[in-house]
Amino acid sequence: MESFFLFKRGILPRLLPHFLGNGNLRLSSLVVVLFCLIQLFGTIRSYSSETEFFVVPPVAFSSDYFPCSECHKDLEANPEKRNLHQHTEIVYKDHAEDERWCLDCHDPADRDKLLLTTGEKVGFDASHKICWQCHGSLHNDWQHGIHGKRIGNWDGRKQYYLCAACHNPHTPAFRPITPEPPPVAPEKTLKRRDK
Amino acid sequence: MNQPFSRRKFLKLTGAGLGSSFLGGCGNGFDWESFFQKNFQEMTSAEKNRVVQRLEKKYSGHYGMPVSVSATPARENTVFGYGLDLSLCVGCRRCVYACVKENNISRDVQIHYIRVVKMAESERNLEKADHYYSPAKVPEHGSYYMPIQCQQCDNPPCVKVCPVKALWQESDGIVAIDYDWCIGCRDCMAACPYRAMKFNWRTPHIPKNEINGETHFLGNRPRVRGVVEKCHLCIQRVREGRYPACVEICPAGARKFGNLLDPASEIRMALNHFRTFKLKEELNTQPKFFYFFSLG
């Protein structure tokens, strides 16, 4: 049963020990560096082969809440960490909350927008750019369809689910969901047939 | 010559009898065309068209709604591959039921193309897997989940054992079944190490309002009692360029699908960036279904 799960390794890990065990260290390290470069550039090339993408529109906020500026244009932005009287359903937790707070992501001046550290403002339909700032590698995976989810056409126009469709930005861990019922066990089917 | 019943007379009578039974058969609506229908692989495209039209009429009449049957062929330079990210799968079984609905699968006698099993975090032995888990919420701490369905083998044992060539591999890699040629011997069920083949022990019943009217001859068209069926990667969708239903329903994004010959496809990205493994690789079935752990 050990061989049940056989792993398909990349070529590099398999070759590495071979080179390192070799007496000619300088040559082998050169080869390793070359390999790394090839792998690196290979990756970059394959990554840049796809640029355009479409986003599944985010779930609309309830009209009581959007546009945010309806209330916020009259409110002074308050960066102080505190218990809010409004937005009590929003708990910012388990997401490096000691280092950050609301206005590190929400634009203090225009509450309908999110604010990147570069000063660029993005809409809620580009909220993945917020996550990109800290979760670069997962964002890369997402952009190439191996984290997150795409729907539509495998060979044509596809739509991406935003990070926020699966992770609440305020408490981002994937929330447990109720499973669908298990299949009917064969014993039960047999019993039913006996009747 | 005092034989009361001559050989000549006997032949005459049986001839007449057979003839009238033939005629009677036609009168009762016996479907000669389907009786002489060829194996799908041997049909010309004109024959395919005729068969498909006849089936559309039959199914539409039976279900009282328009049912289309397509015979879209495989695309060139396309071999489908499937990836399953075990780091992300939460075991919610949404895929199981989306598949049942999409593919017009029997409901009353339950058939599932996808089985999701639960395993303890450190477990690698499928014999210790649990099919019937049903906690209030998934994922549960300390376990992972593994969906298993037809692995679309490149060296498919089911195809080898089929005595009537009702099973074969299409050029895009999908292992297809001609339900009209299946004799129900179930040799393929015994041959498949993944338990992917399912048998219709009874006539499958699907509520009329739940019929998916977009079907493919080799895919989700209505089946009858006594034939096998299995996952065909939603051939009715993927041949039109769409993702399979299980990919689109997965709330965790654990399912990846694409053309193995296209370096920019998701499945190739996954193969390039993660260590993948195949189920029961040592049996040399050469699945085009890859499992991997993307995180940690």
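Analyst: The lining of the largest cavity, sorted by class, consists of 12 nonpolar, 1 polar and 3 charged residues. This is a predicted model, and the values that follow are computed from it. The largest cavity holds about 110 Å³ of space, and among the 16 residues that line it, those closest to its centre are Cys89(B), Cys92(B), Cys95(B), Cys250(B) and Arg255(B). A search of the whole structure turns up 5 cavities of 30 Å³ or more. The idea behind such a search is that rolling a probe the size of a water molecule over the atoms shows where empty space is left.

From the cavity we can turn to the aromatic rings. A pair of aromatic rings is described by the distance of the centres and the angle of the planes. Over all chains, the count comes to 18 aromatic pairs. One of them is formed by Trp154(A) and Phe257(B), which are edge-to-face, with 6.3 Å from centre to centre and 80° between the planes. Trp154(A) lies in the loop between S5 and S6 of chain A, while Phe257(B) belongs to strand S10 (residues 255-259) of chain B, so this pair joins two chains. Trp154(A) has a relative accessibility of 8%, and because buried means under 20%, Trp154(A) counts as buried. Phe257(B) is buried as well, with a relative accessible area of 1%.

A second pair, Tyr82(B) with Phe289(B), is stacked, at 4.7 Å centre to centre and 5° between the planes. This pair links distant parts of the chain, since Tyr82(B) sits in strand S2 of chain B and Phe289(B) in strand S12 of chain B, 207 residues apart. Both Tyr82(B) and Phe289(B) are buried. The two pairs belong to one picture, for ring pairs link Trp154(A), Phe80(B), Tyr82(B), Phe257(B), Phe277(B), Phe289(B) and Tyr291(B) into a cluster.

Strands of a sheet pair through backbone hydrogen bonds, either parallel or antiparallel. Strand S2 (residues 80-85) of chain B pairs with S12(B) in the parallel sense over 4 bridges, and Leu84(B) stands opposite Tyr291(B) in S12(B). Strand S11 (residues 276-279) of chain B is joined to S12(B) by 2 bridges and runs antiparallel to it, with Thr276(B) having Phe292(B) as its bridge partner in S12(B). In a regular strand the side chains alternate between the two faces of the sheet. Strand S12 (residues 289-292) of chain B is covered on both faces, as Phe289(B) and Tyr291(B) on one side and Phe290(B) and Phe292(B) on the other are all buried.

On the chain A side, the loop that holds Trp154(A) lies between S5 and S6. S5(A) is joined to strand S6 (residues 158-160) of chain A by 3 bridges, and these two strands run antiparallel. Arg150(A) has Tyr160(A) as its bridge partner in S6(A). Both strands belong to an open sheet of 3 strands in the order S2-S6-S5 (chain A), with mixed pairing, in which strand S2 (54-55) and strand S5 (150-152) of chain A are the edge strands, each pairing on one side only.

How values were computed
Residues are numbered from 1 along each chain as its sequence is written. Chains are lettered from A and ligands numbered from 1 in the order in which they are written. This is a predicted model: local features need pLDDT of at least 70, side-chain atom pairs count only at pLDDT 80 or more; totals for chains, interfaces and linings use all residues. Side-chain values use heavy atoms; hydrogens and water are left out. Two strands pair if DSSP finds at least two bridges between them. Buried means under 20% relative accessible area, exposed over 50%, partly exposed in between (1.4 Å probe, protein chains only). On a 1 Å grid over the protein atoms alone, a cavity is a set of points where a 1.4 Å probe fits but cannot get out, and a pocket is an open set with protein on both sides within 12 Å along at least five of seven lines; lining residues have an atom within 4 Å of a point. Grid points are joined across faces, edges and corners, and a volume is the space filled by probe spheres set on the points. Ala, Val, Leu, Ile, Met, Phe, Trp, Tyr, Cys and Pro count as nonpolar, Asp, Glu, Lys and Arg as charged, and the others, Gly among them, as polar. Rings of Phe, Tyr and Trp (its six-membered ring) pair if their centres lie within 6.5 Å; planes under 30 degrees apart count as stacked, over 60 as edge-to-face and the rest as tilted.
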